[in-house]
Amino acid sequence: MASATDSRYGQKESSDQNFDYMFKILIIGNSSVGKTSFLFRYADDSFTPAFVSTVGIDFKVKTIYRNDKRIKLQIWDTAGQERYRTITTAYYRGAMGFILMYDITNEESFNAVQDWSTQIKTYSWDNAQVLLVGNKCDMEDDRVVSSERGRQLADHLGFEFFEASAKDNINVKQTFERLVDVICEKMSESLDTADPAVTGAKQGPQLTDQQAPPHQDCAC
């Protein structure tokens, strides 16, 4: 597997004309919440119901256009098991965005969101952007975590919230595109407000209280 190096926050990649920026994004959460399926649905538009649990960490690359910029996404799929936690947290550094995922049919995965949020704050950039995603909303009959509980927790943690389904391809693309847009917004704010004397310093975007535009929740 190709090795990858951490990119500075929003670093302009002048040496490679194939893209303007490279964003490192991590998908985290308990084992079996559907992280790998979610990544494959977005990167390859494919779904396989019998994925084997991820061992350690893996990644895919996808290039998209946003705001007239060609952005290379380096999306890391992390193992949820406790025994891999030391390995996976080492990759938090330099990540501009996180998709923190739980399974709407699994109460334990929802209860673990707070711990995952703490790990983000401990190991990543102070201003890394996070979206909370309740996956498997196609399994409405097995739901144990209501949309309202997910939304309330996201509000409490200061994250935006989506419900999604990798299987039925609901809100997968929208989740990634919203995360990229938020990262771009914070980069722009950082450049607009930075002291010219420190513009070249390694720094994350400045957080604001700007409200996100409404989005459509899962309607399974």
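The structure is a predicted model, in which local features need pLDDT of at least 70 and side-chain atom pairs count only at pLDDT 80 or more, while totals for chains, interfaces and linings use all residues. Residues are numbered from 1 along each chain as its sequence is written, and side-chain values use heavy atoms, with hydrogens and water left out.

Glutamine 74 belongs to strand β3 and is buried, with a relative accessible area of 8%. Buried here means under 20% relative accessible area, exposed means over 50%, and partly exposed lies in between (1.4 Å probe, protein chains only). Helices (H or I, at least four residues) and strands (E, at least two) are DSSP runs, numbered from the N terminus. Strand β3 spans residues 69-78 and is mostly covered, with 7 of its 10 residues buried. It pairs with strand β1 (residues 21-28) in the parallel sense over 7 bridges; two strands pair if DSSP finds at least two bridges between them. Across this pairing, lysine 24 stands opposite glutamine 74.

## Overall architecture

The protein chain contains 6 helices and 6 strands, arranged along the sequence as β-α-β-β-α-β-α-α-β-α-β-α. Of its 220 residues, 50% are buried. Among contacts with a separation of 6 or more, 71% are between residues 24 or more positions apart, a contact being heavy atoms within 4.5 Å.

The chain exposes about 11100 Å², of which carbon and sulfur atoms supply 45%. Accessible areas come from the Shrake-Rupley method with a 1.4 Å probe, and for residues only the protein chains shown count as cover.

## Helix α5 and its buried face

In helix α5 (residues 147-157), the buried residues are Gly150, Leu153, Ala154 and Leu157. Viewed down the axis of α5, these residues fall within an arc of 100°, so they line one face of the helix; the arc is that of the directions from the helix axis to the C-beta atoms. An α-helix has 3.6 residues a turn, so residues three or four places apart point the same way. On the other side of α5, Asp155 and His156 are exposed.

The buried residues of α5 pack against β4 (97-103), α3 (107-111), α4 (113-123), β5 (129-135) and β6 (160-163). Glycine 158 follows α5 and has a positive phi, near 80°.

## Helix α1 and positive phi angles

Helix α1 (residues 35-44) is mostly covered, with 8 of its 10 residues buried; among them are Phe38, Leu39, Arg41 and Tyr42. Just after α1, aspartate 45 adopts a positive phi of about 50°.

Two further residues have a positive phi although neither is a glycine: serine 32, at about 75°, and asparagine 171, at about 60°. Serine 32 is located in the loop between β1 and α1 and counts as exposed, at 54% relative accessibility. Asparagine 171 lies in the loop between β6 and α6 (172-193) and is buried, with a relative accessible area of 7%.

## Salt bridges

The whole structure holds 12 salt bridges, each defined as a side-chain nitrogen of Lys or Arg within 4 Å of a carboxyl oxygen of Asp or Glu. Aspartate 45 forms one with arginine 41, with the closest N and O atoms 3.1 Å apart. In this pair aspartate 45 is exposed, at a relative accessible area of 51%, whereas arginine 41 is buried, at 13%.

Lysine 136 and aspartate 103 form another, with the closest N and O atoms 3.1 Å apart. Lysine 136 lies in the loop between β5 and α5 and aspartate 103 in strand β4, so the pair ties together parts that are 33 residues apart in sequence. Lysine 136 counts as partly exposed, at 22% relative accessibility, and aspartate 103 is buried, at 5%. In helix α6, glutamate 177 and lysine 173 are 4 residues apart, separated by about one helical turn, and their side chains meet in a salt bridge (3.8 Å, N to O). Lysine 173 is partly exposed, at 49% relative accessibility. A network of salt bridges links Arg66, Lys173, Glu177 and Asp181.
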